[in-house]
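Here is a short briefing on one protein chain. Please read it with the model open.

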Amino acid sequence: MADLTSVGREILSASRNQLYVALPYLDAALFSLLPEPGGGVTNSLAADGQALFFDGSWLADRFLRSQVLTNRAYLHVVLHCMLRHLAKKHGRVPELWDLACDAAVESILDDLDYPCLNLGFVPAKRKFYGLCLQDMPVLTAEGIYRKLLRMRLPEFELAQLQRAFLVDDHGLWDPDEQDDDRKEQSRQQDLNWKKLSEKTRTGLETVFSNQSAGGKAVLEQVQAAVRDDVDYRAFLRRFAAPREVLAADGDAFDLGFYSYGLRVYGNMPLVEPPETREEKRIEDFVIAIDTSMSTSGELVRLFLACTYAVLRSSGSFTRKVNIRVIQCDDQIRADDWIQDLDGLREYMEHFQLAGGSATDFRPVFQYVRRLIKEGAFSCLRGLLYFTDGMGIYPEKRTPYETAFVLLDEPPPSVRIPPWATRLVLNLPDLERAARNTAAEFPDIDLDELPEL
């Protein structure tokens, strides 16, 4: 056993050195896991974010078959850590999340055109990649997981996919089985890997930007991995404008003069609380929806459901509103005028996607410019454009704030104008925003919303 352990260490060291020569931008990541025998791992590799546990006999067997297998296994585990798959397992269906992570990592390995990683064409894997790419521009674990949830595969087909992508053991990932000390250690390790991924992304965008043979496949997923969680509620409130509302203004009320009047003149205060106060409220608003072939009606309904829940909060939206929901692909397909939040809910429940052609963002901005000239808005603060990001953008800055809201990280080739806000959401971000709003405002019933 001691000899096999020593052999296993040598195999991992040889694989790491080969990978470093082929992929120098992963230098820090490749050397961040400490090889350790055992750890309850048999016939596999496993990582907990700090150590790389291995079975020496399993490694020796794979190495004798082909060093490419051990190279891929080593990089497979490292990429799991870089893409922060370990920390994101909580709250997800374990077998589907494990499969989604393995498929996302293997898609990177299959795109890396290097002899030390070339395993040849595997039809089952390529077929699954093509199926997923119909719904997402980049094969991230989060996107594949959503795809698997919608597919509802029979057990036999799910087992076939698991066999096709299985490489390492994910038994050390489960945060629910960790004590408090271990959970804190896992959070710190996740933070360290996030910093390392940010360093890798910077290197790929600068020093190693010309190494497109391998860098692009890694960069697309690293960009998604280092993205911070989004507070969608705080983002929407940026579109609020000052409005005077009927409510006592405690901040502008001087309690001293009020009390002085009661003491000196009996029941006669010198001042009374102001009957109105200034708050930031959202009234004029435009929601534009990309209805090209790359956008699904289900995702749009989810986006509208969360937006409705957030805007229902009394502190950010008035009951009477002026919302225009515009659908557009390469031309305006629909313009619905919503005047109250009940109307927004009804629109959301009966939403139908109109269009299906290519994407051109310019018609929406030309149409909104015409609406402003016609006096359709009293104070338009912003426009949210829900899209996958791929299309023709306008060149000139808008007089109102514009945000392109994307549900997945777009390919690096997508260049959103610098004057516009770029917000990348995912379904957990939307669900968290809706549930936080419902917890803060009990009158919002999440059961009324489409399932997130």
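Where is the place of L12? L12 sits in helix α1. Helices (H or I, at least four residues) and strands (E, at least two) are DSSP runs, numbered from the N terminus.

This is a predicted model, in which local features need pLDDT of at least 70, side-chain atom pairs count only at pLDDT 80 or more, and totals for chains, interfaces and linings use all residues. Residues are numbered from 1 along each chain as its sequence is written, and side-chain values use heavy atoms, with hydrogens and water left out.

**Whole chain**

- The protein chain has 16 helices and 10 strands.
- Of its 452 residues, 51% are buried. Buried means under 20% relative accessible area, exposed over 50%, and partly exposed in between (1.4 Å probe, protein chains only).
- Take the contacts between residues at least 6 apart in sequence: 70% join residues at least 24 apart. Contact means heavy atoms within 4.5 Å.
- The chain exposes about 22100 Å², and carbon and sulfur atoms supply 49% of that area. Accessible areas come from the Shrake-Rupley method with a 1.4 Å probe; for residues, only the protein chains shown count as cover.

- L12 counts as buried because its relative accessibility is 3%.
- Beyond neighbours within four places in sequence, L12 contacts P35, L45, L52, F54, L59 and Y74.
- L12 and L52 are 40 residues apart along the chain, and their C-alpha atoms are separated by 9.7 Å.
- V21 is also placed in helix α1, which spans residues 2-22. V21 is exposed, because its relative accessible area is 68%.
- Y20, V21 and F31 make a nonpolar surface patch of about 320 Å². Patches are made of residues with over 30% relative accessible area and no salt bridge: like charges are joined within 9 Å, nonpolar side chains (Val, Leu, Ile, Met, Phe, Trp, Tyr) within 5 Å. A salt bridge is a side-chain nitrogen of Lys or Arg within 4 Å of a carboxyl oxygen of Asp or Glu.

**Helix α4: H80**

- H80 lies in helix α4, residues 67-82.
- H80 is buried, because its relative accessible area is 1%.
- Not counting residues up to four places away in sequence, H80 touches H85, L86, C101, D102, V105, D168, H170 and W173.

**Cysteines**

- The structure holds 0 disulfides (pairs of cysteine sulfur atoms within 2.5 Å).
- C81 counts as buried at 2% relative accessibility.
- C132 counts as buried at 1%.
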